[in-house]
Amino acid sequence: PTVPLATVVAVAPGSPAAHGGVAPGDELVAIGGRPLRDVIEFRVLSDEAEVELELRRGGIDLNVEITKAHGEPLGLEVDSPVFDEVRTCDNHCEFC
């Protein structure tokens, strides 16, 4: 089954995402070439100092490269069913 794309619902003013041109309504296709399955992947992949976002805006695919401090938040909020449902990843952790 296809995982629905996360939609950007808010971008913090002055944040790395805002400086990169990310806008509410953008759909987040992937980070660093990796499609997102859950909020854990989103947080891990967006934690790097250089983050490449693959976005879809009005049916047009965009690549946005953001440079920030390692661990600094991107400054965007996403909303998608993928972050509300339990997903199984490839790590097989005991606590999942």
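Contact here means heavy atoms within 4.5 Å. The model is predicted. Its protein chain holds two helices and six strands. From the N terminus on, the elements run β-α-β-β-α-β-β-β. Of the 96 residues in the chain, 31% are buried. The chain exposes about 6100 Å². Carbon and sulfur atoms supply 52% of that area. Contacts between residues at least 6 apart in sequence were also examined for their span. Of these, 52% join residues at least 24 apart.

S15 is found in the loop between β1 (6-11) and α1. S15 is buried, because its relative accessibility of 7% falls under the 20% cut-off. Beyond its neighbours within four places in sequence, S15 is in contact with L74 and G75. The side chain of S15 reaches the backbone oxygen of G75 at 3.5 Å. A18 lies in helix α1 itself. A18 is partly exposed, with a relative accessibility of 31%. Residues up to four places away in sequence aside, A18 touches V11 and A12. The C-alpha atoms of A18 and L76 are separated by 8.1 Å. Along the chain, these two residues are 58 residues apart.

The largest nonpolar core has 18 residues. Within this core, V22, L28, I31, L53 and L76 touch the most other members. At least two core residues come from each of β1, β2, α2 (39-45), β4, β5 and β6 (76-79). Not counting residues up to four places away in sequence, I31 touches L36, F42, L45, S46, V51, E52 and L53.

β2 and β4 pair in the antiparallel sense over four bridges. β4 also pairs with strand β5 (residues 60-67), again in the antiparallel sense. This second pairing runs over eight bridges. E52 has E65 as its bridge partner in β5. The hairpin of β4 and β5 has two residues between the strands. In this hairpin, G58 takes a positive phi near 60 degrees.

Three are counted in the model. R57 forms one of them with D26, the closest N and O atoms being 2.7 Å apart. R57 lies in strand β4 (residues 50-57), whereas D26 lies in the loop between α1 (16-19) and β2 (27-31), so the pair ties together parts that are 31 residues apart in sequence. The two partners differ in accessibility class. R57 is partly exposed, with a relative accessible area of 34%. D26 is buried, at 2% relative accessibility.

R56 forms a salt bridge with D61, with closest N and O atoms 2.8 Å apart. R56 is partly exposed, having a relative accessible area of 29%. D61 is exposed, because its relative accessible area of 53% is over the 50% cut-off.

E41 forms a salt bridge with R34. Here the closest N and O atoms are 3.7 Å apart. This pair still counts, because the cut-off is a nitrogen within 4 Å of a carboxyl oxygen. E41 is buried, with a relative accessible area of 13%. R34 is partly exposed, with a value of 45%.

Terms used: Residues are numbered from 1 along each chain as its sequence is written. This is a predicted model: local features need pLDDT of at least 70, side-chain atom pairs count only at pLDDT 80 or more; totals for chains, interfaces and linings use all residues. Side-chain values use heavy atoms; hydrogens and water are left out. A salt bridge is a side-chain nitrogen of Lys or Arg within 4 Å of a carboxyl oxygen of Asp or Glu. Buried means under 20% relative accessible area, exposed over 50%, partly exposed in between (1.4 Å probe, protein chains only). Two strands pair if DSSP finds at least two bridges between them. A polar contact is a pair of N or O atoms within 3.5 Å; within protein, one must be able to donate a hydrogen and the other to accept it, and residues adjacent in sequence count only if both atoms are side-chain atoms. A nonpolar core is a set of buried Ala, Val, Leu, Ile, Met, Phe, Trp, Tyr and Cys residues joined through side-chain atoms within 4.5 Å. Accessible areas come from the Shrake-Rupley method with a 1.4 Å probe; for residues, only the protein chains shown count as cover.
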